[in-house]
Amino acid sequence: MSKTSLTESDSRYDHLESMTVSDLLTNINKEDQFVAGTVQQCIPQIESLVSEIVPRMKKGGRLFYIGAGTSGRLGIVDASECPPTFGVDHGLVVGIIAGGDGAIRKAVEFAEDDAKQGWKDLQEFNVGKEDTVIGIAASGRTPYVIGAVDSAHEFGCLTGCITCNEHTALSKVSQFPIEALVGPEFVTGSTRMKAGTAQKLILNMISTSVMIQLGHVSGNKMVDMQLSNDKLVERGVLMIMDQLSVTREQANDLLAKHKTVRAAIANFSKSTT
(Lines give C-alpha, C1' and ligand atoms only; values in the text may rest on other atoms or scores of the structure.)
Protein backbone atom coordinates (compact mmCIF):
# COMPACT_ATOMS: atom_id res chain seq x y z
CA MET A 1 0.00 0.00 0.00
CA SER A 2 1.53 3.31 -1.04
CA LYS A 3 1.88 6.18 1.37
CA THR A 4 -0.37 8.39 -0.74
CA SER A 5 -3.36 6.08 -0.19
CA LEU A 6 -3.19 5.86 3.61
CA THR A 7 -6.78 7.05 3.96
CA GLU A 8 -7.92 4.13 1.80
CA SER A 9 -5.81 1.47 3.52
CA ASP A 10 -7.55 -1.49 5.09
CA SER A 11 -9.00 -1.16 8.58
CA ARG A 12 -7.14 -2.76 11.45
CA TYR A 13 -10.39 -4.54 12.25
CA ASP A 14 -12.54 -6.99 10.31
CA HIS A 15 -15.94 -8.70 10.61
CA LEU A 16 -17.35 -5.50 12.07
CA GLU A 17 -20.90 -6.78 11.59
CA SER A 18 -20.14 -9.59 14.06
CA MET A 19 -18.98 -7.28 16.85
CA THR A 20 -21.14 -6.40 19.84
CA VAL A 21 -22.13 -2.77 20.32
CA SER A 22 -19.65 -2.57 23.19
CA ASP A 23 -16.85 -3.88 20.98
CA LEU A 24 -17.75 -1.50 18.16
CA LEU A 25 -17.69 1.52 20.46
CA THR A 26 -14.53 0.44 22.24
CA ASN A 27 -12.64 -0.16 19.01
CA ILE A 28 -13.82 3.08 17.40
CA ASN A 29 -12.58 4.87 20.51
CA LYS A 30 -9.23 3.07 20.31
CA GLU A 31 -8.80 4.39 16.79
CA ASP A 32 -9.86 7.89 17.81
CA GLN A 33 -7.07 7.98 20.37
CA PHE A 34 -4.53 8.14 17.54
CA VAL A 35 -5.93 11.46 16.36
CA ALA A 36 -4.81 13.91 19.07
CA GLY A 37 -1.24 12.62 18.98
CA THR A 38 -1.14 12.91 15.22
CA VAL A 39 -2.40 16.49 15.33
CA GLN A 40 0.21 17.29 17.96
CA GLN A 41 2.90 16.26 15.48
CA CYS A 42 1.41 18.79 13.02
CA ILE A 43 1.81 21.79 15.32
CA PRO A 44 4.95 23.10 13.54
CA GLN A 45 3.09 22.95 10.20
CA ILE A 46 0.04 24.68 11.69
CA GLU A 47 2.21 27.33 13.34
CA SER A 48 3.92 28.15 10.06
CA LEU A 49 0.58 28.68 8.34
CA VAL A 50 -1.02 30.71 11.14
CA SER A 51 2.07 32.93 11.36
CA GLU A 52 1.55 33.86 7.71
CA ILE A 53 -2.22 34.28 7.96
CA VAL A 54 -2.25 36.80 10.81
CA PRO A 55 -0.29 39.67 9.20
CA ARG A 56 -2.35 39.32 6.04
CA MET A 57 -5.61 39.53 7.96
CA LYS A 58 -4.33 42.55 9.86
CA LYS A 59 -4.04 44.21 6.44
CA GLY A 60 -7.64 43.36 5.59
CA GLY A 61 -7.20 39.86 4.18
CA ARG A 62 -9.78 37.13 4.60
CA LEU A 63 -9.57 33.41 5.30
CA PHE A 64 -11.21 30.93 2.92
CA TYR A 65 -11.71 27.21 3.50
CA ILE A 66 -12.59 25.12 0.46
CA GLY A 67 -13.42 21.43 0.34
CA ALA A 68 -15.84 18.73 -0.78
CA GLY A 69 -18.07 16.41 1.23
CA THR A 70 -17.14 16.06 4.90
CA SER A 71 -14.08 18.27 4.45
CA GLY A 72 -16.14 21.07 2.93
CA ARG A 73 -18.77 20.82 5.65
CA LEU A 74 -16.14 21.03 8.38
CA GLY A 75 -14.73 24.20 6.83
CA ILE A 76 -18.20 25.73 6.73
CA VAL A 77 -18.82 24.82 10.37
CA ASP A 78 -15.60 26.48 11.49
CA ALA A 79 -16.18 29.58 9.37
CA SER A 80 -19.80 29.97 10.50
CA GLU A 81 -18.82 29.87 14.16
CA CYS A 82 -16.29 32.72 13.95
CA PRO A 83 -18.81 35.60 13.89
CA PRO A 84 -20.79 34.55 17.00
CA THR A 85 -17.67 33.50 18.91
CA PHE A 86 -15.36 36.37 18.05
CA GLY A 87 -17.72 39.12 16.86
CA VAL A 88 -16.20 39.35 13.38
CA ASP A 89 -18.02 39.97 10.11
CA HIS A 90 -19.49 36.95 8.34
CA GLY A 91 -17.29 37.64 5.34
CA LEU A 92 -13.99 37.45 7.24
CA VAL A 93 -13.81 33.65 7.39
CA VAL A 94 -15.64 31.89 4.56
CA GLY A 95 -16.32 28.20 3.97
CA ILE A 96 -16.95 26.95 0.42
CA ILE A 97 -18.12 23.46 -0.50
CA ALA A 98 -18.17 21.69 -3.87
CA GLY A 99 -21.72 21.65 -5.15
CA GLY A 100 -22.75 24.83 -3.35
CA ASP A 101 -24.79 25.30 -0.18
CA GLY A 102 -27.11 22.45 -1.12
CA ALA A 103 -24.19 20.06 -0.64
CA ILE A 104 -24.02 20.95 3.05
CA ARG A 105 -27.00 18.66 3.67
CA LYS A 106 -27.02 16.39 0.64
CA ALA A 107 -24.15 15.12 -1.48
CA VAL A 108 -23.96 16.56 -5.00
CA GLU A 109 -22.73 13.84 -7.35
CA PHE A 110 -19.39 14.43 -9.08
CA ALA A 111 -19.16 18.05 -7.84
CA GLU A 112 -15.71 17.36 -6.42
CA ASP A 113 -14.38 16.14 -9.76
CA ASP A 114 -14.47 19.55 -11.51
CA ALA A 115 -10.92 20.94 -11.28
CA LYS A 116 -11.97 24.41 -12.47
CA GLN A 117 -15.10 25.04 -10.43
CA GLY A 118 -13.32 25.65 -7.12
CA TRP A 119 -11.51 28.71 -8.42
CA LYS A 120 -14.73 29.93 -10.05
CA ASP A 121 -16.47 29.66 -6.68
CA LEU A 122 -13.67 31.59 -4.99
CA GLN A 123 -13.81 34.34 -7.59
CA GLU A 124 -17.42 35.03 -6.63
CA PHE A 125 -15.97 36.50 -3.44
CA ASN A 126 -13.57 38.81 -5.32
CA VAL A 127 -10.55 37.08 -3.82
CA GLY A 128 -7.57 39.39 -3.28
CA LYS A 129 -3.85 38.91 -2.84
CA GLU A 130 -4.04 39.45 0.93
CA ASP A 131 -6.51 36.57 1.28
CA THR A 132 -5.63 33.04 2.42
CA VAL A 133 -7.10 29.90 0.84
CA ILE A 134 -6.92 26.61 2.72
CA GLY A 135 -7.91 23.48 0.84
CA ILE A 136 -9.33 20.64 2.93
CA ALA A 137 -9.27 17.10 1.52
CA ALA A 138 -8.53 13.95 3.50
CA SER A 139 -7.29 12.13 0.41
CA GLY A 140 -5.35 15.12 -0.90
CA ARG A 141 -6.44 14.32 -4.44
CA THR A 142 -9.83 16.04 -4.82
CA PRO A 143 -9.72 17.90 -8.19
CA TYR A 144 -12.12 20.65 -7.05
CA VAL A 145 -9.85 21.52 -4.12
CA ILE A 146 -6.53 21.08 -5.93
CA GLY A 147 -7.65 23.33 -8.78
CA ALA A 148 -8.86 26.02 -6.39
CA VAL A 149 -5.68 26.08 -4.31
CA ASP A 150 -3.40 25.95 -7.35
CA SER A 151 -5.20 28.86 -9.02
CA ALA A 152 -5.28 30.84 -5.77
CA HIS A 153 -1.51 30.42 -5.43
CA GLU A 154 -0.93 31.54 -9.01
CA PHE A 155 -3.13 34.56 -8.37
CA GLY A 156 -1.03 35.56 -5.35
CA CYS A 157 -3.04 34.35 -2.37
CA LEU A 158 -1.44 32.61 0.58
CA THR A 159 -2.31 28.92 0.34
CA GLY A 160 -2.37 25.99 2.71
CA CYS A 161 -4.09 22.64 3.02
CA ILE A 162 -5.24 20.04 5.51
CA THR A 163 -4.91 16.46 4.33
CA CYS A 164 -4.44 13.01 5.84
CA ASN A 165 -2.03 11.54 3.30
CA GLU A 166 1.62 12.25 2.57
CA HIS A 167 3.04 13.99 -0.50
CA THR A 168 -0.32 14.47 -2.19
CA ALA A 169 -1.20 16.53 -5.23
CA LEU A 170 -2.91 19.01 -2.91
CA SER A 171 0.16 19.38 -0.72
CA LYS A 172 2.31 19.98 -3.78
CA VAL A 173 0.26 23.01 -4.87
CA SER A 174 0.00 24.41 -1.32
CA GLN A 175 2.59 26.71 0.19
CA PHE A 176 1.86 25.49 3.72
CA PRO A 177 0.59 21.90 3.73
CA ILE A 178 -0.61 20.27 6.94
CA GLU A 179 -0.56 16.47 6.80
CA ALA A 180 -2.30 14.67 9.67
CA LEU A 181 -1.52 11.00 9.09
CA VAL A 182 -4.16 9.37 11.27
CA GLY A 183 -3.92 6.00 9.53
CA PRO A 184 -6.62 3.54 8.46
CA GLU A 185 -10.22 4.27 9.37
CA PHE A 186 -12.26 1.88 11.53
CA VAL A 187 -14.56 1.43 8.53
CA THR A 188 -12.14 1.25 5.60
CA GLY A 189 -12.05 4.52 3.69
CA SER A 190 -14.66 6.30 5.84
CA THR A 191 -12.75 9.55 6.26
CA ARG A 192 -15.66 11.17 8.08
CA MET A 193 -14.21 9.38 11.11
CA LYS A 194 -10.57 9.87 12.20
CA ALA A 195 -9.63 12.08 9.25
CA GLY A 196 -12.65 14.28 9.85
CA THR A 197 -11.86 14.53 13.54
CA ALA A 198 -8.27 15.55 12.79
CA GLN A 199 -9.44 18.16 10.30
CA LYS A 200 -11.88 19.60 12.83
CA LEU A 201 -9.18 19.82 15.50
CA ILE A 202 -6.80 21.58 13.11
CA LEU A 203 -9.48 24.02 11.96
CA ASN A 204 -10.22 24.83 15.62
CA MET A 205 -6.53 25.52 16.16
CA ILE A 206 -6.17 27.72 13.09
CA SER A 207 -9.24 29.90 13.59
CA THR A 208 -8.89 30.23 17.36
CA SER A 209 -5.20 31.13 17.31
CA VAL A 210 -5.75 33.57 14.45
CA MET A 211 -8.63 35.30 16.24
CA ILE A 212 -6.66 35.54 19.47
CA GLN A 213 -3.75 37.06 17.56
CA LEU A 214 -6.16 39.54 15.99
CA GLY A 215 -7.26 40.66 19.46
CA HIS A 216 -10.71 39.12 19.75
CA VAL A 217 -10.04 37.44 23.11
CA SER A 218 -9.13 39.17 26.35
CA GLY A 219 -7.53 37.04 29.06
CA ASN A 220 -9.34 33.83 28.24
CA LYS A 221 -12.74 35.36 27.54
CA MET A 222 -14.73 35.82 24.31
CA VAL A 223 -15.24 39.53 24.91
CA ASP A 224 -16.33 40.21 21.32
CA MET A 225 -18.92 37.40 21.10
CA GLN A 226 -22.32 38.16 19.63
CA LEU A 227 -25.08 38.20 22.23
CA SER A 228 -27.46 36.19 20.07
CA ASN A 229 -29.31 34.21 22.74
CA ASP A 230 -30.09 34.21 26.45
CA LYS A 231 -27.26 31.80 27.26
CA LEU A 232 -24.67 34.12 25.69
CA VAL A 233 -26.17 37.18 27.37
CA GLU A 234 -25.87 35.39 30.71
CA ARG A 235 -22.27 34.47 29.91
CA GLY A 236 -21.56 38.11 29.09
CA VAL A 237 -23.10 39.28 32.34
CA LEU A 238 -20.95 36.85 34.32
CA MET A 239 -17.81 38.00 32.48
CA ILE A 240 -18.54 41.61 33.37
CA MET A 241 -19.31 40.74 37.00
CA ASP A 242 -16.04 38.85 37.28
CA GLN A 243 -13.91 41.45 35.51
CA LEU A 244 -15.34 44.56 37.17
CA SER A 245 -16.49 43.18 40.55
CA VAL A 246 -19.94 44.66 40.07
CA THR A 247 -23.41 43.35 40.89
CA ARG A 248 -25.52 41.36 38.44
CA GLU A 249 -27.82 44.35 38.04
CA GLN A 250 -24.92 46.66 37.21
CA ALA A 251 -23.49 44.12 34.77
CA ASN A 252 -26.88 43.75 33.06
CA ASP A 253 -27.19 47.50 32.71
CA LEU A 254 -23.68 47.86 31.31
CA LEU A 255 -24.23 45.11 28.76
CA ALA A 256 -27.60 46.49 27.70
CA LYS A 257 -26.08 49.93 27.22
CA HIS A 258 -22.83 49.02 25.46
CA LYS A 259 -23.94 45.86 23.57
CA THR A 260 -20.66 43.91 23.91
CA VAL A 261 -18.63 42.68 26.85
CA ARG A 262 -15.53 44.48 25.59
CA ALA A 263 -17.31 47.82 25.27
CA ALA A 264 -18.99 47.42 28.66
CA ILE A 265 -15.67 46.79 30.40
CA ALA A 266 -13.82 49.52 28.52
CA ASN A 267 -16.46 52.18 29.14
CA PHE A 268 -16.83 51.27 32.82
CA SER A 269 -13.09 51.68 33.23
CA LYS A 270 -13.22 55.09 31.55
CA SER A 271 -16.12 56.22 33.70
CA THR A 272 -14.22 55.38 36.90
CA THR A 273 -10.98 57.16 35.99
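Predicted model: local features only at pLDDT ≥ 70, side-chain atom pairs only at ≥ 80, totals over all residues.

Which residues in α1 are buried?

1. **The buried side of α1.** The answer is N27, E31, V35, T38 and V39. They lie on the same side of α1 because they cover an arc of only 130 degrees around the axis. As background, an α-helix has 3.6 residues a turn, so residues three or four places apart point the same way. On the other side of α1 you will find L25, Q33 and Q40, which are exposed.

2. **The length of α1.** This helix has 21 residues, and the distance from its first C-alpha to its last is 32 Å. That is close to the 30 Å expected at 1.5 Å a residue.

3. **What covers α1.** The cover over the buried residues of α1 includes α2 and α7. With α7, the packing angle is about 35 degrees and the axes are 9 Å apart; α1 passes α7 in a right-handed crossing. If you want to display the contact, select E31, D32, F34, V35 and V39 in α1, which meet K194, T197, A198, L201, I202 and M205 in α7. Note that E31, V35 and V39 are also among the buried residues of α1.

4. **The largest nonpolar core.** This core has 34 residues, and I53, Y65 and I206 have the most contacts inside it. At least two residues each come from α1 (21-41), α2 (43-58), β1 (63-67), α3 (69-86), β3 (132-136), β4 (158-163) and α7 (194-213). The largest share, 7 residues, is supplied by α7. In general, nonpolar side chains tend to be buried together in soluble globular proteins.

5. **Y65 and its surroundings.** Leaving aside residues up to four places away in sequence, Y65 touches G75, D78, A79, V93, V94, G95, I96, I134, I136, L203, I206 and S207. One of these partners, I206, is itself among the residues with the most contacts inside the largest core.

6. **The α8 and α9 pair.** Lastly, have a look at α8 (residues 230-244) and α9 (residues 248-258), which pack at an angle of about 115 degrees with their axes 9 Å apart. The crossing of α8 past α9 is right-handed. From α8 the contact uses V233, E234, G236, V237, L238, I240, M241 and L244, and from α9 it uses R248, A251, N252, L254 and L255.

Definitions and conventions
Residues numbered from 1 in each chain as written. Heavy atoms only, no water. Core = buried A, V, L, I, M, F, W, Y, C linked by side-chain atoms within 4.5 Å. Buried < 20%, exposed > 50% of the residue type's maximum accessible area, 1.4 Å probe, protein only. Helix = DSSP H or I, 4+ residues; strand = E, 2+ residues; numbered from the N terminus. Contact = heavy atoms within 4.5 Å. Expected span 1.5 Å × (residues − 1). Arc of directions from axis to C-beta. Axes fitted to C-alpha atoms, helices over the stretch in contact; angles between N-to-C directions. Left-handed = near helix turned anticlockwise from the far one by under 90°.
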